[in-house]
Amino acid sequence: MTLWREALLVAGKDLRIEARSRVTLYQVLPFGFIVLLLFAFALDPDRGLLPRVAPGLFWVAVLLATLLAVSRAFAIEADNGARDGLRLSGLDGSAVFLGKAAAIAVELLVLEVVLGVGVVLLYDVGLHSAAPLALAVVAATIGVAATGTLYGVLAAGLRVRETLVPILLLPVVAPVMLGATRASEAAVGQAPSDAWPWVALLVLFAAIYTTMGMLAFGPLLEEA
Amino acid sequence: MPVVVRLRSAVCLLDRFPALAGVDLDVAEREILLVSGANGAGKTTLLRLVAGLVPLQSGTAEVLGHDLAVDRTGARRDLALVGHDTFCYDDLTVRENLRFAARAARRPVAACEAAMERLGLTRVAAVTHARLSAGQRKRLALAVALTRDPRLLLLDEPHAGLDAKGREVLDAVVAAAPSEGRTVVLVSHEVDRARTLASREVVLHAGRAVGVAPAAGIQTSSTWAVRA
């Protein structure tokens with residue numbers, strides 16, 4: 001079995017569990033939407049401000065929801081000694097990393113589509129260029145999913161993992177927050193071409209952390 | 001007979017505590033070895049060391065030709081561990097858990113149906129792990145292990161939680177292991193039952209192998225060869 005087939009096996013398993021438990025649907029999605037609503041309430045007096053800050057608020061909501069998705073991705077490996085089962089399975093560590101990161105990325109993409117609709121409706125935001133926005137969303141999602149998976153396994157065996165993951169993860173994904181916000185601002189504004197340098201930054205970040213994760217995940221899983 | 005597991009002065013630390021404090025042990029191919037001893041003697045740690053789940057602190061350990069000091073993961077495709085946990089996912093059904101294990105181990109998916117039939121799980125194939133009884137979960141853990149078609153089967157208290165029928169099924173699986181090309185290392189507190197299955201018994205005490213008996217049920221304590 002190739003690396004990719006093993007990754008698909010792990011991703012399929014995680015997505016099947018999510019589809020059945022519906023944690024993403026019933027908890028992560030509403031959480032992201034509530035964050036958007038709270039921002040809208042907080043900034044509502046200044047109607048002109050919301051459309052301008054909407055990209056940043058959107059990505060803050062996505063990053064906060066990412067913490068829940070990452071936590072959930074490793075919580076399912078904590079029950080019944082499943083993490084030991086994963087280690088004994090014979091699966092390649094890189095494949096497990098790619099599979100878990102892919103499953104988180106798929107969940108985040110669904111979340112981003114729903115939150116995107118929410119932003120348009122709540123914040124009255126228009127879109128001028130879809131291509132850079134779509135690329136920025138995909139690259140940023142891969143970046144945060146890869147980073148979350150890497151730091152998730154780092155904290156997996158610890159009793160304080162729920163509180164440790166946000167402390168470790170949020171500072172590291174600050175470049176994604178910056179790049180994705182700037183790219184999104186450009187895509188919804190009047191100068192879509194300004195988005196491309198930020199998209200390049202997001203692609204670079206995703207490539208670096210995907211590579212790091214593939215190299216480090218296996219040894220980290222052994223120590224978890 | 002080729003040796004499947006060879007430990008020499010094997011030491012394992014759990015939070016600085018020597019759970020294994022210098023174990024010498026050979027397990028021959030197709031042997032059924034019973035490991036007995038009091039709580040805290042190091043039985044579970046011994047199985048986890050052989051499975052490569054805990055690191056070897058000192059000494060040597062060779063499993064299925066892999067030196068655990070340099071390669072803890074190499075033997076995993078050819079062994080299976082049935083432990084206190086089932087290693088299964090609550091939200092996956094019996095069949096889905098088995099298929100995941102089979103595909104991960106690069107075994108044919110058809111082996112899942114055979115394992116379910118053998119362990120009496122066909123009726124609950126579509127039931128999620130979370131809804132299984134304790135005994136059914138134990139059977140599923142054993143079915144997962146068999147689906148992987150392991151050369152080395154590590155069983156940690158496999159009788160616990162099983163009803164009479166389940167114990168009969170388990171005993172049949174263990175008894176058939178040598179003829180199926182498997183080696184079994186069995187840890188059990190139900191020593192009398194396990195002795196009827198084992199071809200040899202090793203007693204652990206305080207992280208050391210202190211005694212071996214060559215055959216099940218026919219040796220008295222006076223025949224034990226005690227190792228220093």
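**View 1. The bend in helix α3 of chain A.** The bend at a residue is the angle between axes fitted to the seven residues ending there and the seven starting there. By that rule, α3(A) bends by about 45° at A:Pro55. The model shown here and in the views below is predicted. Does the end-to-end span of α3(A), or what else, fit its residue count, and what are the figures? Helix α3 covers residues 49-75 of chain A, 27 residues in total. The expected span is 1.5 Å times one less than the number of residues, so α3(A) should span 39 Å. Its end C-alpha atoms are 38 Å apart, which agrees.

**View 2. Confidence along chain A.** Chain A averages a pLDDT of 89. A score of at least 70 is reached by 99% of the residues. Among the elements of chain A, helix α1 (residues 3-21) has the highest mean pLDDT, 95. Helix α2 (residues 23-43) of chain A has the lowest, 84.

**View 3. The open sheet of chain B.** Four strands of chain B form an open sheet in the order β2-β1-β4-β5, with antiparallel pairing. β2 (17-28) and β5 of chain B stand at the edges. Each has a single partner strand, so one side of each is left without a neighbour in the sheet.

**View 4. Strand β1 of chain B and its two partners.** β1(B) pairs with β2(B) in the antiparallel sense over 9 bridges. Within this pairing, B:Leu7 has B:Leu25 in β2(B) as its bridge partner. β1(B), residues 3-14, also pairs with β4(B), residues 58-63, in the antiparallel sense over 5 bridges. Here B:Val5 stands opposite B:Val63 in β4(B).

**View 5. The hairpin of β4 and β5 in chain B.** β4(B) and β5(B), the latter at residues 66-67, pair in the antiparallel sense over 2 bridges. B:Glu62 stands opposite B:Asp67 in β5(B). The hairpin has 2 residues between the strands. B:Leu64 takes a positive phi there, near 50°.

**View 6. Where chain B touches chain A.** In this contact, 22 residues of chain B meet 20 residues of chain A. Which element of chain B gives the most to the side that touches chain A? Helix α2 (residues 94-104) of chain B does, with 5 residues. By class, this side of chain B has 11 nonpolar, 2 polar and 9 charged residues.

Methods:
Residues numbered from 1 in each chain as written. Chains lettered and ligands numbered in written order. Predicted model: local features only at pLDDT ≥ 70, side-chain atom pairs only at ≥ 80, totals over all residues. Pairing = 2+ DSSP bridges. Contact = placed C-beta atoms within 7 Å. Nonpolar A, V, L, I, M, F, W, Y, C, P; charged D, E, K, R; others polar. pLDDT = per-residue confidence, 0-100.
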